[in-house]
Amino acid sequence: MPSFIETQFPIARLSAESYKERKAVSGQTLTGLGKWWGRKPLILVRASVLGMLMPASVDSKKDREVFLQILTMDDDGAWQRCKPDEARKIGRALLQSSPMAELAERVRAAERARQDAGSMLARINLHFGTKAGSLAGLHLELGEQAFRAMPYADRIALCERPENFTGPDMQAWKAINEHLGTHAESLTQLVEQLGKRTFGHRPRVGDSFCGGGSIPFEAARIGCDAFGSDLNPVAGLLTWASLNLLGGGPEVQREVTRAQTEALKAADEQVKVWGIEHNARGERAEAYIYCVEVKPEGCDYYIPLAPSWLVDEYSRVVARWQRVPGSDRLLPDIAIVDAAEVKRYKEKKGATVVDSRVVDPFSPTRSWSLEALRGPDGLRRWTSDDLVPRAGDVFQERLYCIRWVDTDGNRRYAAPDESDLSREQYVLALLRERLVEWQGVGFIPSRAIPEGGDKTEEPIRTRGWTYWHHLFTPRQLLVHGLLMSKLTGIGTQSLTAAAMLSVGRFADWNSRLSCWLSSSTQIAGGKNTFLNQALNTLFNYSTRPLPALLSSRVSFNRGVAHRLLGSVAVVDARDVQDVCDIWITDPPYADAINYHELGDFFLAWYDRQLARAFPEWTPDARAELAVRGDGDDFRHSMVEIYKNLTRRMPNNGLQMVMFTHQDPAVWADLGMILWAAGLKATAAWTISTETESAGIKKGNYVQGTVCLVLRKRIGDEPGFLDEVYPLVEDEVKRQIASMQALDEAGEPNFNDADYQLAAYAAALKVLTQYGNLDGRDVEHEVFAVRGKNDKSDFQAVIERALVIACDTLIPRGLEASWRDLKLAERYYLRALDIESRGERRQGMYEELARGFGVTDIKPLLKSDKANGARMHTASGFGAAGLAPLAETGDSNVSAALPARRGRAAGGVPHPFASAPLRHVLFAVRETVAADDNPEPGRQYLRDTFGQGYWAQRERFVSLLEWLAQLGNAVGMEEWSTDSHAARILAGRLRNDHA
Ligand SMILES: C[S@@+](CC[C@H](N)C(=O)[O-])C[C@H]1O[C@@H](n2cnc3c(N)ncnc32)[C@H](O)[C@@H]1O
């Protein structure tokens with residue numbers, strides 16, 4: 001019997017919920033534990049597990065209703081999740097905007113005076129069909145009415161996220177149990193009962209690429225027995241913490257919070273004793289800002305470097321530099337300036353780094369290339385005992401600004417004075433005293449940065465930093481080391497894990513890679529190292545004193561009330577031994593994230609504590625085993641891994657492979673890998689995890705996550721290519737039709753990439769049922785060595801799916817003329833269609849061209865920027881010279897043509913040049929040129945097509961009408977003149993008589 005997810009999945013609602021969760025950023029359930037890249041939304045995991053456990057029945061409508069009830073994503077469930085204040089707010093607004101507003105005001109007055117409010121309310125109730133007993137109740141009831149009438153994506157903005165909600169109410173449970181034959185009153189009971197039915201026990205759900213732990217955590221939270229493993233011990237720690245700290249029950253969380261509070265208090269006392277964060281005025285530092293400085297050849301002073309010297313836009317503070325007679329060091333002047341000056345600083349006034357060149361602040365025409373300053377042999381490499389630059393190093397470092405706060409909370413920015421600078425020296429001395437000891441016990445990092453990495457090479461090359469502790473100022477190392485010494489003293493595994501996570505978060509928020517960010521709406525502050533997925537060095541950066549760090553200690557955004565069941569291993573996915581009923585994985589394929597390199601930043605801090613608390617884990621990222629790239633090595637590892645996972649599940653087990661797609665070709669590759677691993681695809685759904693539902697139509701597309709559902713292929717039924725093609729065609733059409741139906745339902749929709757991907761998935765569904773095709777073995781085909789343009793038959797089938805999809809997706813309004821259009825015309829129109837829906841990624845235009853078999857799209861594109869692709873407008877073509885051709889021998893075209901210019905580069909006529917559509921565009925251009933007089937355009941078409949004009953006139957009109965509406969789309973303003981002309985020309989043609 002198929003599972004629910006193999007028949008349907010509520011893509012629209014799930015996309016909206018997943019996006020909402022992602023947008024919560026630091027409010028996401030697991031982010032309080034620490035940084036990992038690419039965490040999957042918990043609601044998506046929850047829906048996936050439940051969708052795999054719930055059987056599909058013959059009543060698909062009821063299945064859907066019940067499934068949404070389980071997730072509290074049905075209409076009643078969403079209303080229960082609505083925050084009452086929000087509901088009342090919209091109810092109040094509704095009432096105020098209605099004719100009953102005045103009466104409501106009288107109810108309020110009457111309520112105050114306790115007179116006759118009832119009868120007035122009765123009139124309002126009658127008007128709205130409500131039953132409220134008070135004004136507040138009325139607001140709520142009206143709020144509910146308004147809420148239920150909203151689109152789902154708007155409703156949930158007012159709601160608690162479903163993954164944090166208690167679950168369905170008793171009435172919903174009754175309906176759920178009735179349909180599923182269960183007797184559950186909670187999600188955990190339901191999960192256990194469904195699991196027992198299929199697998200004979202509570203379901204075991206595993207993830208062998210568990211990263212930040214979303215999959216095992218959420219599976220455990222809804223009652224599964226979870227297993228998570230990852231090659232990287234930093235990921236292992238995060239997953240362990242999700243199950244055992246967040247999921248360890250309230251007592252564990254209380255204990256961790258208590259121990260951390262005590263340790264941080266003790267550290268704070270030590271800082272006060274040292275006197276390193278206070279000044280003589282009794283103020284405490286709230287932020288330190290440092291910059292790099294450099295003395296280029298021919299310059300007799302050090303130039304402090306920053307791309308902007310705006311310190312705090314909100315407080316109007318800037319840094320200016322002054323010469324000091326007799327000194328080669330400039331003096332900072334931290335000043336409050338007027339708004340006009342702030343604007344000038346925002347526009348980079350005085351910037352000393354511009355376009356990778358150092359600029360002399362006193363003579364801005366003088367500049368030096370940074371690359372040249374580093375010298376032909378590069379920078380001196382720091383040795384382990386270097387904590388600050390040595391005299392003579394190219395790049396020096398200086399503290400140039402401190403933000404102080406007094407005991408009443410008053411803030412001020414100031415340049416450091418003598419005593420501040422001597423405190424800096426004292427910090428360095430304190431650190432030097434402890435360095436060896438602290439490194440020995442692992443309170444601060446001692447590891448070298450691995451050489452040759454994509455990301456780790458940057459600090460080495462651009463600053464000469466060769467050890468992880470070089471990425472931190474002495475002040476950062478001293479405070480972190482102190483905190484670590486207090487946090488780790490206590491000993492239990494939970495407390496040591498929490499200590500590591502806290503220090504990991506401090507390191508993220510407090511390193512030489514933490515930029516200082518000014519803002520117009522709030523006071524400026526330091527940001528975290530991993531604002532992006534890299535290790536970018538900076539010219540100016542911030543350092544946090546101890547109190548500013550406390551908020552980033554490990555926190556439990558949403559503790560779980562019950563203890564979770566689950567285990568964690570740090571192991572290569574090839575070596576996983578555990579058996580799971582369901583595997584849900586999100587492998588690192590062809591993605592740009594170098595988990596092992598970035599993870600090392602944290603591992604450098606965990607190092608020894610990790611070895612103590614988790615002796616069975618290898619405290620090393622084992623970069624050589626990490627799956628990455630997309631070449632043959634990648635394919636081999638992936639086939640091996642998925643063969644292993646397939647072996648480690650029962651015959652009725654299920655897998656889901658999640659894939660955040662960018663390039664559909666990689667996706668096709670992944671499909672082949674899974675096929676070769678002995679799996680067959682049974683369904684594929686795309687959830688827009690990173691995109692704004694409303695934004696889709698406005699052009700704010702981001703990526704979707706493809707969820708490919710798979711089962712073990714049992715038996716190796718042979719397939720034959722000639723039988724496969726019609727099956728693929730049917731499946732692609734079915735898949736697209738079901739997505740279009742959802743699109744029409746008005747909830748978050750799919751973009752072009754989603755459709756293309758769905759087509760690939762549909763092809764895979766057909767193909768992977770077979771053990772071989774025309775007698776050829778799949779694994780052999782995956783690894784067969786081929787020339788660049790040489791495709792396997794398998795790839796050809798998958799690509800054929802794209803062609804079918806392209807042919808099935810007809811821009812609305814062009815249905816009648818579509819079949820008569822040439823491929824190049826279809827391509828141009830579809831490309832305009834996706835452009836009008838905001839698609840700007842050049843790759844999508846190329847992918848589309850593949851689908852239509854158009855090999856050269858350059859002459860059709862006005863811009864081929866990676867994220868700014870656009871097609872030519874009708875008038876734009878004229879300028880590009882791709883004008884109509886007579887030479888193509890197109891039988892529709894008469895001999896006497898004006899403007900016969902265009903041949904594509906190389907002298908070969910572009911197929912579009914001779915297409916009727918091209919002539920229609922030309923006629924539009926003529927209309928524009930004649931100030932919207934349609935006559936020249938009409939005449940052009942009549943001359944061009946001769947008698948053929950009358951036969952094609954209807955088609956021309958429909959094309960023109962389609963072009964006429966283009967200019968109305970958001971972002972298509974370039975078309976407005978042409979669209980207007982197209983409308984006039986269409987009108988003229990419609991009324992044309994022979
Ligand atoms: C896309 S991430 C997973 C993110 C995760 N699903 C989450 O929600 O946080 C991929 C993970 O695969 C891990 N990885 C890479 N190579 C591996 C291997 N050979 N065995 C196990 N894990 C590996 C990486 O460390 C990374 O954590």
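The following conversation goes through a few places in this structure and the terms used for them.

Visitor: What kind of model is this, and how are residues numbered?
Guide: This is a predicted model, in which local features need pLDDT of at least 70 and side-chain atom pairs count only at pLDDT 80 or more, while totals for chains, interfaces and linings use all residues. Residues are numbered from 1 along each chain as its sequence is written, and side-chain values use heavy atoms, with hydrogens and water left out.

Visitor: Why is Ala507 called buried?
Guide: Buried means under 20% relative accessible area, with a 1.4 Å probe and protein chains only; Ala507 has 0% relative accessibility, so it counts as buried. Ala507 lies in helix H20 (residues 493–509), a helix being a DSSP run of H or I with at least four residues, numbered from the N terminus.

Visitor: Which residues is Ala507 in contact with, leaving aside its neighbours within four places in sequence?
Guide: Contact means heavy atoms within 4.5 Å, and on that basis Ala507 touches Phe472, His480, Thr529, Phe601 and Trp605.

Visitor: Why is Asp774 called partly exposed?
Guide: Exposed means over 50% and partly exposed lies between that and the 20% limit for buried; Asp774 has a relative accessible area of 36%, and therefore it is partly exposed. Asp774 also has a positive phi of about 45 degrees although it is not a glycine, whereas most residues other than glycine have a negative phi.

Visitor: Where is Asp774 placed?
Guide: Asp774 is in the loop between strand E22 (772–773) and strand E23 (776–777), a strand being a DSSP run of E with at least two residues.

Visitor: How do you know that E22 and E23 pair?
Guide: Two strands pair if DSSP finds at least two bridges between them, and two bridges join E22 to E23, which run antiparallel. Within this pair, Asn772 stands opposite Asp777 in E23.
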